[in-house]
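Please look over the chain below. This report covers its charged pairs, its strands and a patch on its surface.

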Amino acid sequence: ADERLVVVIGGGLEDAPVRGLVRSAQSEHPGRFVLVDTDGEVLVVEGEPEVVVRGGEVRVPRLVPVAAAGGGGVPVLEGTVLVTGGGGALGSVVCEWLVGRGVNVVAVGR
C-alpha cells in the first residue's frame, strides 16, 4: 500500500494517451502514481504527482493568478482566445464578453 508506480514518458504527442491514463489513475488512487515527463534524467519530487524534467531542471505544474494591468480586477487580454463550448449558453456569453474587449475569439463546440 506504500508503493508508488513512476511512469516515465518523453513528452511527445504520442505519449498523450499514456499521460491521460496515468492522470485518471491518479484521480482514483491519489499518491500511488507519479508521472515524469523527461528529456533524459528521471527525477521525482516528493509529494508531487507530476513533474517535467528538461535539461536537468525539474518543473511542476501550477496555476497562478494573473496580475491585471493597472491594478484592476480584470487581466488585459490580447491576441486570440480559444473558447471550448463556445456554442453553449455560458460559452456564448464568454465569447461576447471577450469580443467586446477587442479579443479575437475562436469558439468551438460539439
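## A buried charged pair

Glu50 and Arg19 are both buried, meaning under 20% relative accessible area; exposed means over 50%, and partly exposed lies in between (1.4 Å probe, protein chains only). The two form a salt bridge, with their closest N and O atoms 3.1 Å apart. Such a bridge is a side-chain nitrogen of Lys or Arg within 4 Å of a carboxyl oxygen of Asp or Glu. Glu50 sits in strand E3 and Arg19 in helix H1 (residues 16-28), so the pair ties together parts 31 residues apart in sequence. Helices (H or I, at least four residues) and strands (E, at least two) are DSSP runs, numbered from the N terminus.

This is a predicted model: local features need pLDDT of at least 70, side-chain atom pairs count only at pLDDT 80 or more, and totals for chains, interfaces and linings use all residues. Residues are numbered from 1 along each chain as its sequence is written, and side-chain values use heavy atoms, with hydrogens and water left out.

## Other salt bridges

How many salt bridges does the structure hold? There are seven. One of them joins Glu48 to Arg62, with the closest N and O atoms 2.7 Å apart. Glu48 lies in the loop between E2 and E3, and Arg62 in the loop between strand E4 (57-59) and strand E5 (80-84), so this pair ties together parts 14 residues apart in sequence. Glu48 counts as buried, at 17% relative accessibility. Arg62 is exposed, with a relative accessible area of 54%. Shared partners also build a network: salt bridges join Arg19, Arg23, Asp37, Glu50 and Arg54 into one.

Another bridge runs from Arg4 to Glu46, where the closest N and O atoms are 3.8 Å apart. This pair links distant parts of the chain, 42 residues apart. Arg4 is in the segment before strand E1 (5-9), and Glu46 is in the loop between strand E2 (33-38) and strand E3 (50-54). Arg4 is partly exposed at 37% relative accessibility. Glu46 is exposed, at 68% relative accessible area.

## The four-strand sheet

Four strands make an open sheet, in the order E1-E2-E3-E4, with mixed pairing. Two strands pair if DSSP finds at least two bridges between them. E1 and E4 stand at the edges with a single partner strand each, so one side of each has no neighbour in the sheet. On average, neighbouring strands of this sheet are turned by 25° against each other, direction ignored. The axes are lines fitted to C-alpha atoms.

E3 and E4 pair antiparallel over three bridges. Within E4, Glu57 is the bridge partner of Arg54.

## E5, H2 and E6

E5 and strand E6 (residues 104-108) run parallel and are joined by five bridges. Thr84 stands opposite Val108 in E6. Between these strands the chain passes through helix H2 (residues 89-100), and this β-α-β crossover is right-handed. Right-handed means that, with the strands pointing away from the viewer, the path from the first strand over the helix to the second runs clockwise.

## A nonpolar patch

Which residues make the nonpolar surface patch? Val6, Val8, Val42 and Val44 do, over about 270 Å². Patch members have over 30% relative accessible area and no salt bridge; nonpolar side chains (Val, Leu, Ile, Met, Phe, Trp, Tyr) are joined within 5 Å, like charges within 9 Å. Areas come from the Shrake-Rupley method with a 1.4 Å probe. Val44 is in the loop between E2 and E3. Val44 counts as partly exposed, at 37% relative accessibility.

Conventions. Axes fitted to C-alpha atoms, helices over the stretch in contact; angles between N-to-C directions.
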